[in-house]
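Reader: I have a protein model to look through. Can we take it piece by piece?

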Amino acid sequence: MMEGESVEKEGSVVNRRRKREESSEGARGKTQKRSETDFESCLDDSADVSIHEVITYDPPTLPVQHYDPDTTEPISSSLKSLDELLSWKRSEANPFNIATVPLASRQPPLTNTLRRTLVCHDMMGGYLEDRFIQGTEVGAPYVFYHWQYIDIFNYFSHHMVTIPPAVWTNTAHKHSVLSLGTFITEWTDGGKMCEVFLAEEEAYRSAADKLVQIAHCYGFDGWLINIENVLSSTAVKNMAPFLRYLTDQLHERVPGSLVIWYDSVLENGTLKWQNELNNSNRVFFDACDGIFTNYNWTESSLEGMASYSAAQGRLADIYIGIDVFARGEVVGGMFETNKALQLVRKHGFSTAIFAPGWVYECHDKADFRQNQDKFWFLLVDHLYVHRPVSTLPFVSSFCQGFGKTVYWKGQVVQERSWFNLNAQELQPLYCKQSLEDGGWWRTRGCPEDAWTGGSSLVLEGKIPQSLPRIIARIFSLHVPLTTRTFISFVYKPSVGVNVSLELKTTDAGLCTYSGTEEIISSLVSPVMLYEDHQLMKQFIQSCGQWTADGWTTRCFQLDLNGCALSEVLVNVVRDGAEQDLDFNCRIGEIMVLDAESLSAPSLPVRSVCVYDVVWQRGAGDGDGSSLKVLLNATLRWSYPPQLVRHWRIHWRRLRGPDPRVPPGPPVLIGRSYSTLYRLVELEVPGAPGLLELLVEPVSREGFTLNQSYWGRITLSYSHSTDNI
């Protein structure tokens, strides 16, 4: 089952998209306006549990900037002109592209982080496979997963207003990382737009207000402002007031947000990259939250900036640009980016790493994971780990949001490549460490086998004869624990080693800690539980399937007062003679939860509704049979999103044109990571017919609920007389 796609389509959606993208012509839908009150009434508890639709094959009237015109799949998109920006309305926003994951707190807070790391995405123009909000079928997508080493993620394209796809903002927020969009003007057309929106105070305030509204609506955290064209005297005079107004308004509307200026235009309006903060561009730096310098700096320019008066007290707000492609006269770049970063940190600055997708664009896609890990391993000595703050339950199966197959509790449920960043779970610390006497260990994601999702975590290495064991830090975080905590650990060890889980805890009151010093922690080993223990019985009953061939599942109880989980470690001990030992341990899932939640009552899905229905004809089977009937529709429901890992969407046939055919069983369509899902090209029986759509919540712990808790709505349909 493809993440967010139908199990029945066999790639038909992807094929239809490809045909359109290969042709300059294609069906273009009309704009349909839907107000927020429409959505509110849809979610009213009195929403119908059944609806009727008359089949018509009219062209879709969905907004083409929000939905693929051929398949009606929801897509992320940008605004390409000043007119589009100034006419933007919240009522016409893309509901699917609104981020649903709030920004997680972190230790230390960003404001107390003195050397920050910003990643500027700049991947082949942007809006590639990641624009498909519900996921797509692709063998080798670009994905980022070294989140705990960075602080800010900037989605970049060369469209005027780059709105980050919600999949990126959701994933960044899970890891306590800010997500920024990009406002860019370039060349002659960019200059013309600047002359309009910077003509006077009312004009620049109107543009800034729209940028604030867009960030607030779509749930991301600010803007990179990139003006790469000459400005007239009037325009440049209004640029700093524009930045200051935008920054103030955004801080008020989106707490913790940032506006960062790219080093390009000077205070006299000339376009001339400085590669540093100086008297020619400080007016813009003073008006916002920071500056992202161009890439052709030298160590002497870093030394000068460190002592520059405008930088005092704000070194953390100066993001020294590093171009991974190493274009022009730059320090480092490519697999020597660490040389540049070493100098940046030496002088106390933050950094903006531009286009780390070089490891994807310029190398064999089959080696992407290997090259991405190599790139970040080389930087790790100059990066600073932040700890995401989370509540129980803490769960990760190490899914990176893509894979060759989809697994659920050790079983393959779909054998097809897929990509959906919404499915990426909290990522571990990917690192490599050398030990004495030739020993070593590393962690890496691996799609060859998994417990849940598309990948597992492989811990591998060599235990040298001189050491009895290795201890690998997997997570660094802050999770306040309850008095009685339940832990499960799913893994596959190689022969010759014993594997166990160890935890480090701190005083739970330090969840508000704002310092930068290392927090004192204590190492604890939880008590293993056996199947006859009451907690284990409750876990097995809630979990359903909890074991699978080849996988070992161990469960533990931890009794502590006033503590918080700060680190998760895996202990690998040699089981046998003291000699060098190569080992490999595949970790499928780590789960930490309040033991009381094992017996907590469940909530039902409520207020299921269907709208934006589009009917299409599908190709027949080639045997002369009639054309297929394809249903496209938006499904919406009400359920607390913080309680679930995802929702499974099913449908089942209740009645078709032949009354002798009995109702069918529920058939899985796909997964949703928000309370909104678009059915795309669902083949249904011919009219007249009656079907049921079902929404199954899957808890964060991976527990499935009885069908009595599922949401459901029935849809009857018949032919229009015009189609007969």
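Reader: In which loop is Asp 68 found?

Author: This is a predicted model, and the place asked about is given by the elements on either side. One of them is helix 3 (82-86). The loop with Asp 68 lies between that helix and strand 1 (50-55).

Reader: Is Asp 68 buried or exposed?

Author: A residue counts as buried when its relative accessible area is under 20%. Asp 68 has a relative accessible area of 2%. Asp 68 is therefore buried.

Reader: Which backbone nitrogen lies 3.0 Å from a polar atom of the side chain of Asp 68?

Author: A polar contact needs a pair of N or O atoms within 3.5 Å. Here the distance is 3.0 Å, between a polar side-chain atom of Asp 68 and a backbone nitrogen. That nitrogen belongs to Thr 71.

Reader: What is the nearest side chain of opposite charge to Arg 345, and how far away is it?

Author: Arg 345 sits in helix 10 (residues 337-346) and is buried. A salt bridge would need a side-chain nitrogen of Arg within 4 Å of a carboxyl oxygen. Arg 345 has no salt bridge. The nearest side chain of opposite charge is that of Asp 151, at 5.9 Å.

Reader: Which backbone oxygen lies 2.8 Å from a polar atom of the side chain of Arg 345?

Author: Leaving aside neighbours within four places in sequence, Arg 345 is in contact with several residues, among them Arg 115, Thr 117, His 382 and Tyr 384. One of these supplies the backbone oxygen, at 2.8 Å from a polar atom of the Arg 345 side chain. The residue is His 382.

Reader: Why are the buried residues of helix 9 on the same side?

Author: The buried residues of helix 9 (residues 299-307) are Ser 301, Leu 302 and Met 305. They lie on the same side of helix 9 because the arc they cover around the axis is only 105°.

Reader: Which residues are exposed on the other side of helix 9, and what covers the buried ones?

Author: On the other side, Ser 300 and Ser 307 are exposed. What covers the buried residues of helix 9 includes strand 10 (318-323) and helix 10.

Reader: How many residues are in the largest nonpolar core?

Author: In soluble globular proteins, nonpolar side chains tend to be buried together. Among the members that touch the most others in the largest core here are Val 161, Phe 183, Ile 214 and Trp 223. Not counting residues up to four places away in sequence, Val 161 itself touches residues including Phe 183, Ile 214 and Trp 223. The largest nonpolar core has 150 residues.

Reader: How many residues are in the other core that lies apart from it?

Author: Among its members are Ile 55, Val 629, Tyr 639 and Val 644. That core has 29 residues.

Reader: What is the omega of the peptide bond from Ala 687 to Pro 688?

Author: Most peptide bonds are trans. The bond from Ala 687 to Pro 688 is cis, and Pro 688 lies in the loop between strand 34 (676-684) and strand 35 (689-699). The bond from Leu 392 to Pro 393 is also cis, with omega near 0°. For the bond from Ala 687 to Pro 688, omega is near -5°.

Reader: Is Asp 437 buried or exposed?

Author: Asp 437 is in the loop between strand 18 (432-434) and strand 19 (440-446). Asp 437 has a positive phi of about 55° although it is not a glycine. Its relative accessibility is 55%, so Asp 437 counts as exposed.

Notes: Residues are numbered from 1 along each chain as its sequence is written. This is a predicted model: local features need pLDDT of at least 70, side-chain atom pairs count only at pLDDT 80 or more; totals for chains, interfaces and linings use all residues. Side-chain values use heavy atoms; hydrogens and water are left out. Helices (H or I, at least four residues) and strands (E, at least two) are DSSP runs, numbered from the N terminus. Buried means under 20% relative accessible area, exposed over 50%, partly exposed in between (1.4 Å probe, protein chains only). Lys and Arg count as positive and Asp and Glu as negative; His and the chain ends are not counted. A polar contact is a pair of N or O atoms within 3.5 Å; within protein, one must be able to donate a hydrogen and the other to accept it, and residues adjacent in sequence count only if both atoms are side-chain atoms. Contact means heavy atoms within 4.5 Å. The arc is that of the directions from the helix axis to the C-beta atoms. A nonpolar core is a set of buried Ala, Val, Leu, Ile, Met, Phe, Trp, Tyr and Cys residues joined through side-chain atoms within 4.5 Å.
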